[in-house]
Amino acid sequence: KAPKCRMIPLEVIARRYAVGSYLKRYPNLIATGTPHRFHDLKIEFFLKTTGGKLVLTDDISIEVDSAKGEEDPFILNHLKGNWELYHSKKPAWDLDASLKKNVDRDEIFDESIAKDYGSADIVNEIIRLTRLTFLVLESAWAQQNMRLIDFKIEFGFDMDGNLLVADVIDNDSWRLRDESWKELSKETFRQGEELGEVEKKYGIVSRMVNNFRIPKQCLVVWIGSHSDPFPSIPVGYNSLVNLETVVLSGHKSPQACLDKLEELMSKYPDGGAILVKVGRSNGLGPILAARTNWPVIAIPATMKDYPEDIWSSIRMPSDVPLMTAWPEENAVLIALNILAQKNPAIYAERQLKIESLDK
């Protein structure tokens with residue numbers, strides 16, 4: 001059951017590719033081949049109007065000229081406190097683009113303000129939730145060889161003051177294209193495609209959505225002895241992947257190690273990744289890497305004091321595909337990146353961090 005929400009009069013769009021109205025506002029990105037891809041998701045805010053008008057309170061209302069196509073105007077500067085409204089399909093440098101109307105951000109959120117949120121906090125949280133929602137769906141579609149081009153969602157506050165995605169997300173919400181860039185979403189209807197073909201594509205999308213899932217994977221953190229401290233997992237990932245910790249020596253208990261490996265592979269049919277942290281000679285990593293197709297990543301625990309020990313982790317015989325990474329924080333991220341190829345939840349968290357680096 002969907003919770004009752006006080007809706008925020010905004011449409012929020014996340015874009016991975018430059019298509020649609022974005023190209024009307026930024027015609028310099030029109031491509032002759034495949035659409036321009038944004039490494040960092042483009043997040044845009046549009047003021048939600050009806051008949052060119054938005055009534056906030058008895059004393060506050062905003063009107064735009066919808067007859068000129070300015071319904072749901074584009075907010076040029078949503079990170080600032082004073083929002084400038086622009087035509088949604090004209091570049092900012094066009095003399096007719098500005099609607100010559102400004103909106104105080106605090107007025108928009110006045111009726112929806114909750115708990116200790118300030119208007120800037122609300123905007124930042126809307127952006128964060130939009131990014132996470134898009135990235136989870138982007139990965140889920142990528143598992144089926146599909147491209148999520150963009151989507152539109154709305155937000156609201158529930159009766160307890162929690163900010164929520166308060167919208168249906170379906171084939172009307174996004175642009176979705178296959179590996180050949182063939183459109184499968186409502187955009188086909190907007191472009192006038194024959195209704196029977198539109199219906200067929202909706203059926204395809206509906207069946208594919210039923211395949212969305214978060215796999216049951218594991219991240220194994222394996223040390224050779226209790227004197228080798230476990231590498232730490234970044235906060236937040238413990239709830240996204242099953243964490244297994246093992247203390248067994250490859251030198252002293254090789255058969256016990258192989259038995260434990262078989263147990264883990266049987267327990268997690270969706271697969272996993274193994275982090276091996278050992279001091280001195282690394283016998284554990286090669287033994288495991290030779291007996292599983294799960295990625296095994298060695299962390300040389302004594303790298304700082306005995307750098308020569310690294311050779312026992314990188315000079316491998318044939319058919320022993322052991323990966324070695326240092327420092328251990330990067331080894332953990334490698335394992336998470338590998339799991340993210342099949343796991344939309346982990347992908348979203350990793351991609352969120354990756355895209356933030358440019359900021």
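Modeller: We'll go through the chain as a whole, then its cores, then its pocket and cavity. This is a predicted model, where local features need pLDDT of at least 70 and side-chain atom pairs count only at pLDDT 80 or more, while totals for chains, interfaces and linings use all residues. Residues are numbered from 1 along each chain as its sequence is written, and side-chain values use heavy atoms, with hydrogens and water left out.

Biologist: How much of the chain is buried?

Modeller: Buried means under 20% relative accessible area, with a 1.4 Å probe and protein chains only. Here 47% of the 359 residues qualify. The C-alpha trace spans about 80 × 50 × 45 Å along its principal axes.

Biologist: Which residues touch the most other members of the largest nonpolar core?

Modeller: A nonpolar core is a set of buried Ala, Val, Leu, Ile, Met, Phe, Trp, Tyr and Cys residues joined through side-chain atoms within 4.5 Å. In this one, with 60 residues, they are Leu10, Phe45 and Ile126. Helix H3 (residues 119-142) gives the largest share, ten residues; helices here are DSSP runs (H or I) of at least four residues, and strands are E runs of at least two, numbered from the N terminus. A separate second core has 19 residues, including Val220 and Val278.

Biologist: What is Leu10 in contact with, beyond four places in sequence?

Modeller: Contact means heavy atoms within 4.5 Å. Among the partners of Leu10 are Phe45, Trp83, Ile126 and Glu154.

Biologist: Now the empty space. How is that found?

Modeller: Rolling a probe the size of a water molecule over the atoms shows where empty space is left. On a 1 Å grid over the protein atoms alone, a cavity is a set of points where a 1.4 Å probe fits but cannot get out; a pocket is an open set with protein on both sides within 12 Å along at least five of seven lines, and lining residues have an atom within 4 Å of a point. The largest pocket holds about 520 Å³. Of its 21 lining residues, Glu11, Ile13, Ser21, Arg175 and Arg190 lie nearest the centre. Strand S2 (10-17) and helix H4 (187-190) are among the elements giving two or more residues to that lining.

Biologist: How many cavities of 30 Å³ or more are there?

Modeller: One. Its lining includes Val278, Arg280 and Asp309.

Conventions:
Buried means under 20% relative accessible area, exposed over 50%, partly exposed in between (1.4 Å probe, protein chains only). Grid points are joined across faces, edges and corners, and a volume is the space filled by probe spheres set on the points.
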